[in-house]
Amino acid sequence: MDFLSPLLAADTLKISVILLTLKVAGIATVVSSVLGILTAWCIARRPFPGRTWVDALCALPLVLPPTVIGYYLILLVGRRGLLGPWLAEFGINLMFSWEGAVVAATVVVFPLIYKSARAALEAVDHNLENAARTLGASEWKVFLRVSLPLAWRGILAGVMLAFARGMGEFGATLMIAGNLPGRTQTLSLAIYSAFQAGDDAQALALVIATSLLCMGVLILADKLASGGLSFGRGA
Amino acid sequence: MIDVSITHRLPPARGAGGKGFKIDVSFATEDRTLVLFGHSGSGKTLTLQAIAGLMHPREGRIVINGTTLLDTAAGIDMPARDRGIGYVFQDYALFPHLSVRKNVEFGLGAGRRASVAGQSGVGQSGAGNGSGAVADGASGKRRVDELLELFEIDHVAHNLPGNISGGQRQRTALARALATNPRALLLDEPFSALDPLLRVRMRKEFTRLFAHFDIPAIIITHDPDDVDAFADTLVLYEDGRIRHRLNFRELRAEGRPALGLLMTLMN
């Protein structure tokens, strides 16, 4: 069991790296959930011209290489990017900052939430939504009281997947936020750095920490999905 | 007073040939209950959806008790939430994640619907407020309590719809529709999901409840027994058109059962 001994040394396992990773993935998941669910709702409601194109655009980060996403983000929010100068006026600089890592992770995980939310919302019985409308509910109330609660399980699966994916984000994060220890170095970047530097003990410690975190996410997802909300439709 | 006139064309179903479906119907009545009878696919449900605002016909005019819900010529098309139409779906469409009580309450919080003329609602049962205005807060709770009691579902009020019997589900659906003081009630094959004995009992109950609430109702069915039990005016649908329109109250007074009549008329 020698290989486990480095794990017990507190300074080897950098708690700060884990905390930063959880912070980045957590914020990215929350932001992406709000955006993804609302987008899915708008698109699932009814067909409109160009819907196929909007849908493809929303799913694009799923298939694009993360470096391509990173490059687009630099074009968008980089210092000389489309929005960069405008953001700088508000004192916001996303390049080489943990906030930049959040932006990268948000874009990368967005399709996972959007896809599962759209499928889950479209699977809700339209008669239930129509029943709510005849009872005087606004579209917003139909969404909050009927569609969302009934689609919640499916959406949750996507949210959990997004969080796990967000923790492992590498390519886009590297391009926009860099790999600055203590500032923008998340778990997967730290593992790569440790491995490159020949610090196998630390790499292994981080690899095991990552695996445990991901297991935890999956188990939590299962618990959330099976507990509480269970209702049969009856005959 | 119900005055309905709609024209609409549905495109053919994807994958199926044919030229789609055309509906062109028009009827008006002063009676309390109107029964739409016809084979499935003759446009009955489409008519109810148009009245409730869930389907938007290309041309049409729908007036109920003097309120214009739709008038394509005048550019009026009230959204479903403002129409004040109680709709009891064929499969009841109860919210599976909400208790019986929460289902019945659902419509109470939604906006302030203009009070409906001639409304008496639960007030008639004695304890309630007779004003018919949308109840809120304490009076809303009392109104729901009364409805649950009147429909004999108070003892299952905290159950989810999946855990109650078919008859209770149907009563919940009707109570939920009536809780909002609707201008009119639409029922899509209300008894088709019930076993035969329960069907007979629920018909009796509904007759009592309709008399109690005294609001105009349109009932879809293809069961002649429903016609016998409820029809004041009988409208026979066939292939998107109205084949006959009868004053069934007179026929009932003459002692003519619907079955024989329908057999003659629909062939």
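What share of the contacts in chain A with a separation of 6 or more comes from residues 24 or more positions apart? The share is 76%, where two residues are in contact if their C-beta atoms, placed from the backbone, lie within 7 Å.

Before the tour begins, note that this is a predicted model, in which local features need pLDDT of at least 70, side-chain atom pairs count only at pLDDT 80 or more, and totals for chains, interfaces and linings use all residues. Residues are numbered from 1 along each chain as its sequence is written, while chains are lettered from A and ligands numbered from 1 in the order in which they are written.

**Stop 1: chain A as a whole**

Select chain A. Its C-alpha atoms fill a box of roughly 65 × 50 × 30 Å along the principal axes. The chain has 11 helices and zero strands; helices (H or I, at least four residues) and strands (E, at least two) are DSSP runs, numbered from the N terminus. Of the 235 residues in chain A, 38% are buried. A residue is buried if 20 or more other C-beta atoms lie within 10 Å of its own, exposed if 12 or fewer, and partly exposed in between, with C-beta atoms placed from the backbone.

**Stop 2: confidence**

The average for chain A is 87, and 91% of the residues score at least 70. Within chain A, confidence is lowest in helix H1 (residues 5-8), at a mean of 54, and highest in helix H7 (residues 126-134), at 95. Over residues 228-235 of chain A the pLDDT is below 50. Where pLDDT is low, the predicted coordinates should not be read in detail.

**Stop 3: an exposed residue**

Select A:Glu89, which is found in helix H5 (residues 84-89) of chain A. A:Glu89 counts as exposed because it has 7 C-beta neighbours inside 10 Å.

**Stop 4: the core**

Next, select A:Ala104 and B:Leu186. Of the 125 residues in the largest nonpolar core, these two touch the most other members. Such a core is a set of buried Ala, Val, Leu, Ile, Met, Phe, Trp, Tyr and Cys residues joined through C-beta atoms within 7 Å. Helix H6 (residues 98-122) of chain A gives the most to this core, with 15 residues. Leaving aside neighbours within four places in sequence, the contacts of A:Ala104 include A:Gly70, A:Leu73 and A:Ile176.

**Stop 5: where the chains meet**

Display both chains. The contact takes 20 residues from chain A and 22 residues from chain B. On the side of chain A that touches chain B, the largest share, seven residues, comes from H7(A).

**Stop 6: the sheet of chain B**

Finally, select the open sheet of six strands in chain B, whose order is S7-S8-S9-S3-S10-S11, with mixed pairing; two strands pair if DSSP finds at least two bridges between them. Strand S7 (85-88) and strand S11 (241-247) of chain B stand at the edges, each with a single partner strand, so one side of each is left without a neighbour in the sheet. Within the sheet, strand S3 (residues 33-37) of chain B runs parallel to strand S9 (residues 217-221) of chain B, and five bridges join them. Select B:Val35 to find its bridge partner in S9(B), B:Ile219.

Definitions and conventions:
pLDDT is the predictor's confidence in each residue, from 0 to 100.
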